[in-house]
Structures are given as structure tokens and as C-alpha cells.
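Subject: Structure for your files

Hello,

Here is the structure I said I would pass on. My notes on it follow below.

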Amino acid sequence: MDLLDWHRGSLSTRRLSVLVKHMPRDSAVNRELHGEAVEWDASTHLLAAAVDHLAVANWITATINSGEDSDPMEYPDPVPRPNLANPDPETDPLGGEEDLDSDTLPTPAELARFFA
């Protein structure tokens with residue numbers, strides 16, 4: 001597909017819009033806009049969560065079965081995921097290391113309406 005066809009008039013704006021909206025997940029445009037996150041689909045996130053849970057289960061088992069005098073084991077680090085570790089507090093939606101306060105938490109009525 002030649003994008004110059006849009007300037008020449010042989011490609012409609014609607015057709016160009018449809019082509020752009022339905023680009024493949026691993027296209028150059030999506031890779032430029034979203035980085036390596038385009039490679040992570042739902043199954044990849046589920047696999048990373050399974051690895052994290054297995055690591056925690058192994059840590060719990062090893063901690064429980066270790067002796068009382070042994071040094072405590074370090075908690076396992078989660079599998080790094082794209083676009084989830086955001087060290088910049090200005091762009092972090094939760095404001096960096098700041099905890100959620102009661103003003104940002106939903107009310108019970110809002111929760112009931114959401115799950116209804």
C-alpha cells in the first residue's frame with residue numbers, strides 16, 4: 001500500500017483510517033508508539049504472573065523449612081514487565097512511592113455499582 005495514493009486521491013481517508021486502526025500488533029508504528037509492550041499479549045502476562053507466583057511459593061516453602069538460626073531469604077523479584085516500572089514520579093499515575101489515600105479509593109456504593 002502506497003501512502004502517496006492518499007495525496008493522489010486514489011486512497012480515501014476512510015480506507016486509510018481503517019488501515020491504520022487495524023495494523024498488526026507488531027507493526028513498526030505500534031512498536032514506535034508502545035515500545036516492547038507490543039510483544040506482551042495476555043498469555044505472556046499470564047505466564048509472567050505464573051512465574052512470579054511459583055517464585056513466591058518456592059520462597060515461602062524455603063522460608064518455612066529453613067532453620068531458626070539461618071538468615072532470612074530475600075523475597076523474589078517479579079518478572080520485569082514492559083511499561084509497568086515507571087521511575088518518573090511526574091508520569092506515574094500513583095505519584096511515585098506515594099500510597100493511596102482514602103480520597104482516591106472507591107466508595108462501597110461505587111464498588112457495588114461496578115460489580116453489578
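Asp-2, Asp-5 and Arg-8 are linked in a network of salt bridges. Please keep in mind that this is a predicted model.

Salt bridges

The structure holds 4 salt bridges. One of them joins Asp-5 to Arg-8, with the closest N and O atoms 2.8 Å apart. Both residues sit in helix α1 (residues 4–8), and because they are 3 residues apart there, about one helical turn separates them. Arg-8 counts as exposed, at 54% relative accessibility.

Another salt bridge is formed by the side chains of Arg-31 and Glu-39, at 2.8 Å from N to O. Arg-31 is partly exposed, with a relative accessible area of 34%.

A further one brings together the side chains of Asp-52 and Arg-81, at 2.7 Å from N to O. This pair links distant parts of the chain: Asp-52 is in helix α4 and Arg-81 in the loop between α4 and α5, 29 residues apart. Asp-52 and Arg-81 are both buried.

Aromatic pairs

The count of aromatic pairs comes to 2. Trp-59 and Tyr-75 make an edge-to-face pair, 5.0 Å centre to centre with 75 degrees between the planes. Trp-59 lies in helix α4 (residues 42–65) and Tyr-75 in the loop between α4 and α5 (108–115), so the pair ties together parts that are 16 residues apart in sequence. Trp-59 is partly exposed, at 23% relative accessibility.

Phe-114 and Phe-115 also pair edge-to-face, 4.9 Å centre to centre and with 85 degrees between the planes. Both of these Phe residues are exposed.

Surface patch

Val-20, Met-23, Val-29 and Leu-33 make a nonpolar surface patch of about 340 Å². Val-20 is found in helix α2 and is partly exposed, at 46% relative accessibility. Met-23 is in the loop between α2 (13–21) and α3 (28–34), and Met-23 is partly exposed too, with a relative accessible area of 30%. The C-alpha atoms of Val-20 and Asn-30 are separated by 10.0 Å, and these two residues are 10 apart along the chain.

Confidence

The protein chain averages a pLDDT of 80, and 82% of the residues score at least 70. Among its elements, α4 has the highest mean pLDDT (93) and α3 the lowest (81). Over residues 91–98 the pLDDT is below 50, and this stretch has 5 contacts in the model beyond near neighbours in sequence.

Regards

Conventions: Residues are numbered from 1 along each chain as its sequence is written. Side-chain values use heavy atoms; hydrogens and water are left out. Patches are made of residues with over 30% relative accessible area and no salt bridge: like charges are joined within 9 Å, nonpolar side chains (Val, Leu, Ile, Met, Phe, Trp, Tyr) within 5 Å. Accessible areas come from the Shrake-Rupley method with a 1.4 Å probe; for residues, only the protein chains shown count as cover. Helices (H or I, at least four residues) and strands (E, at least two) are DSSP runs, numbered from the N terminus. Buried means under 20% relative accessible area, exposed over 50%, partly exposed in between (1.4 Å probe, protein chains only). Rings of Phe, Tyr and Trp (its six-membered ring) pair if their centres lie within 6.5 Å; planes under 30 degrees apart count as stacked, over 60 as edge-to-face and the rest as tilted. pLDDT is the predictor's confidence in each residue, from 0 to 100. Contact means heavy atoms within 4.5 Å.
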